Amino acid sequence: MAADHFRTEHSEHLPMHVPFDICQSKSKSKSGSALSLKPSLFAKNKEKRKEQECFKSSEKHILLRKGMVLLRKYISLSNQINIIKKCQELGCGPGGFYQPVFRDGAKLHLQMMCLGKNWDPEMKSYGDRRSIDDACPPSIPVEFNKLVEQAILDSQVFIKQDQKLSNVEDVLPGMSPDICIVNFYTESGKLGLHQDRDETPESLKRGLPVVSFSIGDSAEFLYGDNRDPDMAHKVVLESGDVLIFGGEARHIFHGVPCITRNSAPSSLVEESNLLPGRLNLTFRKY
Ligand SMILES: O=C(O)CCC(=O)C(=O)O
């Protein structure tokens, strides 16, 4: 991520680093001061019907542009819950979630945690430890990597069939990630348009894809060829969606202008206790 376009909020105080828990505590959710109420059977059935209709009426895989694929509802509910639980556990431990603050007091409008390698938003570079507390980033869980690799393979099969291509690796190369940035957006979270360009020159030159998981509330996702949001295309990313951009699309400008309140599947919220907001994991190869 290139950092200078994210800073929009100023504070005179230096932040204290307290671990951020992406899930509501169980006692709270049971005690009536819950942030989300248990969905009714009617609401649950409505959600299921909506999901089925969505699969019937629209394509599950969408080619947004050359090298850019959206796999709708790709991550199963149980895998989404497992990902939330793992991110909660890692996020509350050493190297867990924090809100990045720049030297001038500007803040990112999200909570961030790095896996594999630390990405420093101020320096726009990767390293082994982060400056706020010298913590090493946790490793990427093996099951996350497996899902990423499978999503790329499925996208390649889709592109091959859709575009009648013989060498799909030229359009969307394979990738085994060694870094992941996990973002948690509260309902007011956002991220300005930027390019992901801090990986190694080789990784960028080869167009090794960025793979992004969306879990929780939906988000508007903007993408385009420059930093101007008015020129950008928009797609809504929903819980369970996987977005992949590699090859020619690796250098697109992209960002998240807003989160849609109360749009997470109620069964996901009920079973995971995820706070209102959106969990996003973006995987790359350093
Ligand atoms: O939240 C998203 O969908 C995008 C995240 C992103 O652009 C990044 O981490 O570089």
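Strands β6 (residues 179–185) and β13 (residues 278–284) run antiparallel and are joined by seven bridges; two strands count as paired here if DSSP finds at least two bridges between them. Within that pairing, Cys-180 sits opposite Phe-283 in β13.

A word on the ground rules. This is a predicted model, where local features need pLDDT of at least 70 and side-chain atom pairs count only at pLDDT 80 or more, while totals for chains, interfaces and linings use all residues. Numbering starts from 1 along each chain as its sequence is written.

Helices (H or I, at least four residues) and strands (E, at least two) are DSSP runs, numbered from the N terminus. The protein chain has six helices and 13 strands. Seven strands make an open antiparallel sheet, ordered β1-β2-β11-β8-β13-β6-β3. β1 (61–65) and β3 (111–115) each have a single partner strand, so one side of each lacks a neighbour in the sheet.

Leaving out residues up to four places away in sequence, Val-242 touches Leu-71, Tyr-74, Ile-75, Ala-151, Val-211, Ser-212 and Phe-213. Among contacts between residues at least 6 apart in sequence, 79% in the protein chain join residues at least 24 apart.

Definitions and conventions:
Contact = placed C-beta atoms within 7 Å.
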